[in-house]
Amino acid sequence: MRWLTNPVVQFLAAGFVALVIVVLATSALSRDAADEEAIHDARELTKVLGRSVAQPAVPRGLIDGKASAIDRMDWHVLDRLLVGDVRRIKIWAADGTVLYSDQTELIGAVYPLDEEELDALRSGGTDAEISDLSKPENRFERELGGDLLEVYTRITSPEGEPLLFEAYFASDQIQQQREEVLDRFLPISLGSLIGLMLLTTPLVLLLTRRLARAAREREGLLQAAVRSSDAERLRIARDLHDGVVQDLAGSSYALSTVAARPAVDAGVRDELDGVGRSLRTSMRSLRSLLVEIYPPDLHTGGLAAALHDVVAPLSAAGVVVDVDVSGGETAGDGAVALVWRVAQEGVRNVARHASATRVSLTVHREDALLVLEIVDDGRGFDTAVVPPEDHFGLRTLEGLVRESGGALEVESAPGEGTTLRMEVPVG
């Protein structure tokens with residue numbers, strides 16, 4: 001699943017998500033725009049039908065329900081009202097009486113007008129809404145199928161009475177308007193986004209390659225620095241071992257030989273023995289320093305033995321140390337070396353700063369990871385304000401651990417001790 005972390009794949013995935021969002025947003029916006037446009041067109045058509053067609057043709061006597069007036073409306077104006085998407089026509093009196101409709105069963109029926117319709121009747125405005133087909137006055141519209149948009153406006157009878165002209169429109173017009181608006185805007189939106197992705201994908205690919213090359217170069221420089229440091233450590237350790245340590249060993253043996261001569265005065269012999277012990281102590285200190293300067297052959301001597309040497313100074317200082325090492329036998333050289341280096345730096349920090357009485361050092365396997373944990377019961381510290389120089393060595397190693405695909409974490413708080421945990425791939 002490493003391809004999921006590829007920046008190009010992530011960019012293309014983000015582009016696809018953006019494409020889907022644009023399609024959904026464009027569809028929603030086009031739907032709203034089409035609805036507004038269709039409702040606007042229906043309002044304008046209703047005004048024209050009501051005020052230019054129906055109103056001049058309303059005969060006297062229609063408000064009184066005269067059959068001759070109704071017949072005249074049927075003969076002279078009905079075919080000019082049911083045009084386009086208009087499915088039904090109603091003309092209402094202010095008291096809710098249906099004065100005229102192309103559905104003759106409704107004529108003469110009384111249904112109270114709602115507040116919006118009364119407002120349009122009073123103000124002369126035009127309003128529109130989706131028909132509520134559950135109302136009894138709309139029972140015949142249920143047979144027309146689908147949703148209907150009802151639009152009403154005020155007209156005036158020859159007697160001067162205000163009437164409400166109502167036209168019902170099929171929803172086909174709204175759907176058609178939606179499709180037309182979507183056909184206009186969707187290609188523009190999709191084309192722009194696809195063009196942008198086609199233009200930027202090569203740039204992202206080029207940038208990704210440059211970043212990957214820079215990361216490889218940085219890793220190479222870091223590894224070269226580590227190798228140079230190892231070589232210099234080895235040189236210093238070899239010079240100390242072959243020079244100063246051998247000289248101290250020879251001097252210690254010589255002093256012991258001289259002190260053992262019978263002719264040497266007892267006081268002088270005691271002084272010589274004291275100097276010999278001092279030389280041997282210095283020699284042991286130098287040998288411990290050699291172990292810190294350059295690690296032993298971890299696979300020949302074993303990681304467990306090397307880590308026991310690392311914690312030896314803590315044990316000598318009276319700190320109770322528990323060491324438990326497992327899983328290092330099958331780990332790669334790089335992982336084992338990192339464990340040793342981080343353990344060495346962690347133990348050094350415990351000795352310098354923690355004032356601990358007990359330390360636990362464990363190494364174990366967790367799936368494909370080699371895990372090192374160092375836990376102490378020392379005074380701890382605030383990880384947010386610790387001086388940089390106190391843990392410079394660990395921060396230096398953290399970059400190397402990250403480059404190896406691992407992670408290094410330090411958890412601590414004042415008075416609660418410190419836990420250092422490192423995870424590194426075993427390969």
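Start by selecting Phe 16, Val 17, Val 20, Ile 21 and Leu 24: together they make a nonpolar surface patch of about 490 Å². Keep in mind that you're looking at a predicted model. Is Phe 16 buried or exposed? Its relative accessibility is 55%, and exposed means over 50%, so Phe 16 counts as exposed.

Next stop: the inside. The largest nonpolar core has 34 residues, and you can find it by selecting Val 342, Leu 361, Val 363, Leu 370, Leu 372, Ile 374 and Met 422, the ones with the most contacts inside this core. Then colour helices H8 (303-316), H9 (333-354) and H10 (392-403), plus strands E7 (358-366), E8 (369-376) and E10 (418-425); each supplies at least two residues of the core. Which of them gives the most? That's H9, with ten residues.

Zoom in on Val 363 and show its neighbours. Leaving aside residues up to four places away in sequence, Val 363 touches Leu 303, Leu 307, Asp 324, Val 325, Ser 326, Val 339, Leu 370, Val 371 and Leu 372.

Now hop over to a second, separate core of 27 residues, which includes Ala 69, Leu 81, Ile 89 and Ala 167.

Ala 69 leads us to helix H2, residues 67-76, where the buried residues are Ala 69, Ile 70 and Met 73. Turn the view to look down the axis of H2: the buried residues fall within an arc of 100°, so they line one face of the helix. Finish by selecting Ala 67, Ser 68 and Trp 75, exposed residues on the face of H2 turned away from its buried side.

How values were computed:
Residues numbered from 1 in each chain as written. Predicted model: local features only at pLDDT ≥ 70, side-chain atom pairs only at ≥ 80, totals over all residues. Heavy atoms only, no water. Patch = residues over 30% accessible without salt bridge, like charges linked within 9 Å, V, L, I, M, F, W, Y side chains within 5 Å. Areas by Shrake-Rupley, 256 points an atom, 1.4 Å probe, with all protein chains shown as cover. Salt bridge = Lys/Arg side-chain N within 4 Å of Asp/Glu carboxyl O. Buried < 20%, exposed > 50% of the residue type's maximum accessible area, 1.4 Å probe, protein only. Core = buried A, V, L, I, M, F, W, Y, C linked by side-chain atoms within 4.5 Å. Helix = DSSP H or I, 4+ residues; strand = E, 2+ residues; numbered from the N terminus. Contact = heavy atoms within 4.5 Å. Arc of directions from axis to C-beta.
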